[in-house]
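User: I would like to learn how to read sheets, helices and cores in a protein model. Please take me through them one feature at a time.

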Amino acid sequence: MLAELYIENIAVIKQASILLEPGLNVFTGETGAGKTILIGAINAVLGERTSRDIIRTGERSALVSARFEGISDYASRVLGENGYAAEEDGSLLVTREIGENKTSVKINGRPATVGILREIAASLISIHGQHDSGELLDADRHLDFIDRYGADIAPALAEYQTAYRRLCSLQEELQRLSGSEAEKERRMDLLRYQIAEIEGANLLEGEEESLEAERKKAKNAAHIAELLAQGQGLLEGGEDLPGLEDQLSEFSDCFNALVPFLPELEELAAKITDSYYEIQECGHELARQLEALEGGGMPLEEIEDRLAQIRQLKRKYGSSIPEILAFGENAARELETIEFSEERCAQLEEEISQAAGSARALAEHLTQLRLAAAEEFCAKVEAELAFLDMGSVQLTLSRREKPLAEDGCDQVEFLAVTNVGEEPRPLAKIASGGEISRMMLAIKNVMADRDNIDTLIFDEVDTGVSGKAAQKIGQKLWEVSRSRQVICVTHLAQVAAFAGCHLHIAKQVAGGRTFTQVTRLEGEQRVEELARIISGDRITPVSLENAREMLSLAKKV
């Protein structure tokens, strides 16, 4: 759950540390006090796109952090998939700083990207606000409700999508092979040229590296010969000066002659003798290298020409010789496929027929699962709506068949009857703002067990309702909060009365600047705030009594 929200320099909020609890938390306050800003800050720390305009006037940066406790196994798995982990006590700290020129994100103190933050945050919090009405009114998104609700739909959809993608792959291959004869001839000519050029080069793996070494040697041949000769001279010596090899031989003889008199020198004498043989081998190697150099290898010009040929092939076919050879192999396979395209086309047509039948059968199975889930889903939503004083609403799912697509063959839309005797019609054409809000709450309640989210945030979900319906919304939010944390921004006293944690957002002016403060209300403070919501700024004894009654009734639920 979200245990603490810290906000610094967001619009009119200079600094606020908000402690939240399990169960139902509500925010109330006058219009313009900062409730919308609060939701904006939460969206920011969840990784949503944020404008730098939210930075408080006169400040260079803004900061929002969210501390979570007891995160779920699902959230832990999402964290792990992104390379992060909660603390040993199950806590998690997410921080986002928004500056004038850049934004930074940290998850438990480690840097992260906004994209990673957004993915992780989606496993921690789900925000439901007035924008969700758009989701509900958009028929193109209705199928997603059913697919998320049906327990057996996800694996069936995955199986269908695998079959559908194979069908599409086969169809694309057939389309490529079924081009005009002129196109196929042009393609075959190109492939033959590419294959001939690669095969004609007779490339060998490791050849380029070997040539580079030979080029380096050829470019420095004179200097190498000079060094070899110098080394040979030092070993062999001259007329006036004995070489290192002769001196070491005499040195070895001297020590070996001492051994009978000084046995302790035997080991050292042996080492000197070994050194003599090693120096002798060095002399032989110098002679071999000098002989090879004088014999001459590949001329530098030929080396340069061969390397230039390899570079040209790399520009056309790959960044290395293995990639060039692989390109040639692929080109040969494609050429063979085109040359035998008639046979392949016939084979593809048969495979496509089988794949289409398989995809169609899986799509029809998916349709049946969806229709069964939709029937159960609509019945549960109607039961929720009846509790919310919308008992006359009947919800159905209209389904039309469409050509096979990535999501199946179902074109669906929720239709509703809000008054007895009417025909089912799209939600956008019949539902008022208050009805849509309650429908949304009903659907979210039905979907709650499918979301795996510990914290639900409702932003003015009670818009457009009042009276008994408002009390029912409050009760429904309280019921949801028994199994997960619920945070609600509300303007209704009937909803606020059900809160276990009531937070008040107030705006103040000091020193010519506007400040927003968030305060937890207890006891009589809650009574006064509910009375203010009921009657406005002029709190009366009657409104105070009504507030006390609301709190009393809420406790009895």
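Analyst: Start with pairing: two strands pair if DSSP finds at least two bridges between them. Helices (H or I, at least four residues) and strands (E, at least two) are DSSP runs, numbered from the N terminus. Residues are numbered from 1 along each chain as its sequence is written. This is a predicted model, where local features need pLDDT of at least 70, side-chain atom pairs count only at pLDDT 80 or more, and totals for chains, interfaces and linings use all residues; side-chain values use heavy atoms, with hydrogens and water left out.

User: How many bridges link strand E6 and E7?

Analyst: Strands of a sheet pair through backbone hydrogen bonds, either parallel or antiparallel. Here E6 (residues 103-107) and E7 are antiparallel, paired over 3 bridges. Lys106 has Pro111 in E7 as its bridge partner.

User: In what order do the strands of the open sheet stand?

Analyst: The order is E2-E1-E4-E5-E6-E7, 6 strands with antiparallel pairing. Strands E2 (13-19) and E7 (110-112) are at the edges with a single partner strand each, so one side of each has no neighbour in the sheet.

User: Which strands does helix H1 lie across?

Analyst: Contact means heavy atoms within 4.5 Å. Axes are lines fitted to C-alpha atoms, for helices over the stretch in contact, and angles run from 0 to 180 degrees between N-to-C directions. Helix H1 (residues 35-45) lies across E1 (2-10), E2, E4 (61-68) and E5 (92-99), at about 105 degrees to E1. Helix H3 (residues 114-121) lies across E5, E6 and E7, at about 45 degrees to E6.

User: What separates strands E9 and E10 in their hairpin?

Analyst: There are 2 residues between them. E9 (residues 394-405) and E10 (residues 408-417) run antiparallel and are joined by 9 bridges. Arg400 is opposite Gln411 in E10.

User: Now the cores. Which residues have the most contacts inside the largest one?

Analyst: In soluble globular proteins, nonpolar side chains tend to be buried together. A nonpolar core is a set of buried Ala, Val, Leu, Ile, Met, Phe, Trp, Tyr and Cys residues joined through side-chain atoms within 4.5 Å; buried means under 20% relative accessible area, with a 1.4 Å probe and protein chains only. The largest core has 81 residues, and Phe377, Phe414, Met439 and Leu477 have the most contacts inside it. Helix H14 (residues 341-387) gives the most to this core, 14 residues. A second, separate core of 44 residues includes Ile7, Tyr84, Ala112 and Ile487.

Notes
Buried < 20%, exposed > 50% of the residue type's maximum accessible area, 1.4 Å probe, protein only.
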